[in-house]
Amino acid sequence: MNEPENEPAPDHANQEEPRLGISALTPPPRFEHQTETVLEFPDNRLLIGLCGEYDRNLAQIEQGTGVQILRRGNRLAIIGTKAASEQAAGVLQGLYARLEAGRTLAPGDVAGVLRLGLGGVAPPVRADDQLEMFGSAGFELRTRKKPVEPRTEAQKAYVSNLFKHEMTFGIGPAGTGKTYLAVAVGVTMLIGGQVEKIILSRPAVEAGERLGFLPGDMKEKVDPYMQPLYDALNDFLPAKQVEKLMLDKRIEIAPLAFMRGRTLSNAFVVLDEAQNATTMQMKMFLTRLGEGSRMVITGDRTQVDLPRGTASGLADAERILKGVKGVSFNYFDARDVVRHPLVARIIEAYDRADGEAG
């Protein structure tokens, strides 16, 4: 009788086995020194919110930290290295504390929490850090439609400076929340009575603001270029209230050229896409600041649409105003992107290409 051949031991690391409802795209890696950490969550309703639809939040945490998470009733078992398990536990406990406080858990919140401890720059996120972050409402912005929270350390520092400084610059790539958070702070201050109006501005049609060739009246010419600002406002205020506030001139949306000759007092003023302002336009805008006002300038130095040879007013302002009392500069990078995760990878790829070309 022929002896059966010895079969190789199964490679569990390359098998996709059922994982008790956790839908991960790839199985977790094998670790030489695995530990198991068990967390208990007493409120099953909140636990459902923590896990997310089809356990997608758990799958996201697994992929982000390199652990395996198993559901056992109202307990979650975390299997992985000690450091990875601690990080995953911190994320889970922080998100659960957020739900206990009555706040919502949007899909981007998990990615934002994970981003705080990944990328090889920030240290692993500890449970105490997450509990402190979500247990405090110090960085939550209350608007009429929904609360808004900064999701990364850079965003938290930015929001803090928006309240503390009369003039704040937000510089970084698209999708990092520069304009969105600025408008949210403006709405919060308007509701709270700290300012009397919100003024939102952009350079229209590149830096020259050449609107004459477009059909329609001035509002119809300008509106397509102001649409991102309208979108942000409509996220924070009911549409009818936005319309009424605009009729009452308590909210203004206008191209940069319309700021000339004005003194903007008791207002929250935002200049978006500031990299497309010329040096003279930037100086004109910055000197509009009046008593009781806050001014925010946001831009992306990598997306300048000015004609070749024309200096960007944002770059000049950054060079000239560094160290001036009352002016704050805040910088963002791909780790602060709060859009689709692919956006962050695209930005990183372009940054690498620019570095190689340089």
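What follows covers a sheet, a helix and some aromatic pairs.

A word on ground rules: this is a predicted model, in which local features need pLDDT of at least 70, side-chain atom pairs count only at pLDDT 80 or more, and totals for chains, interfaces and linings use all residues. Residues are numbered from 1 along each chain as its sequence is written, and side-chain values use heavy atoms, with hydrogens and water left out.

Start with the open sheet, whose three strands run in the order β1-β3-β2 with antiparallel pairing. Helices (H or I, at least four residues) and strands (E, at least two) are DSSP runs, numbered from the N terminus, and two strands pair if DSSP finds at least two bridges between them. At the edges sit β1 (35-40) and β2 (68-72), each pairing on one side only. From one strand to the next, the twist averages 20 degrees. Six bridges join β1 and β3 (residues 75-80) in the antiparallel sense; if you want one to click on, Leu39 has Leu76 of β3 as its bridge partner.

Packed on this sheet is helix α2 (residues 56-65), which touches β2 and β3 and points at about 150 degrees to the direction of β2. Contact here means heavy atoms within 4.5 Å, while axes are lines fitted to C-alpha atoms, for helices over the stretch in contact, with angles from 0 to 180 degrees between N-to-C directions.

Now jump to helix α7 (residues 178-192). Twelve of its 15 residues are buried, so α7 is largely enclosed by the rest of the structure; buried means under 20% relative accessible area (1.4 Å probe, protein chains only). Among them are Leu181, Val185 and Met189. After α7 comes Gly193, with a positive phi near 85 degrees.

On to the rings: there are four aromatic pairs in the structure. Rings of Phe, Tyr and Trp (its six-membered ring) pair if their centres lie within 6.5 Å; planes under 30 degrees apart count as stacked, over 60 as edge-to-face and the rest as tilted. Phe41 and Tyr96 make a tilted pair, because their centres are 4.8 Å apart and their planes at 55 degrees. Phe41 is in the loop between β1 and α1 (44-51), and Tyr96 is in helix α3 (residues 82-100), 55 residues apart. Both Phe41 and Tyr96 are buried.

Phe169 and Phe329, by contrast, are stacked, at 4.6 Å centre to centre with 15 degrees between the planes. Phe169 belongs to β6 (residues 167-171) and Phe329 to β11 (residues 327-331), so this pair ties together parts 160 residues apart in sequence. Phe169 and Phe329 are buried too.

Notes
Buried means under 20% relative accessible area, exposed over 50%, partly exposed in between (1.4 Å probe, protein chains only).
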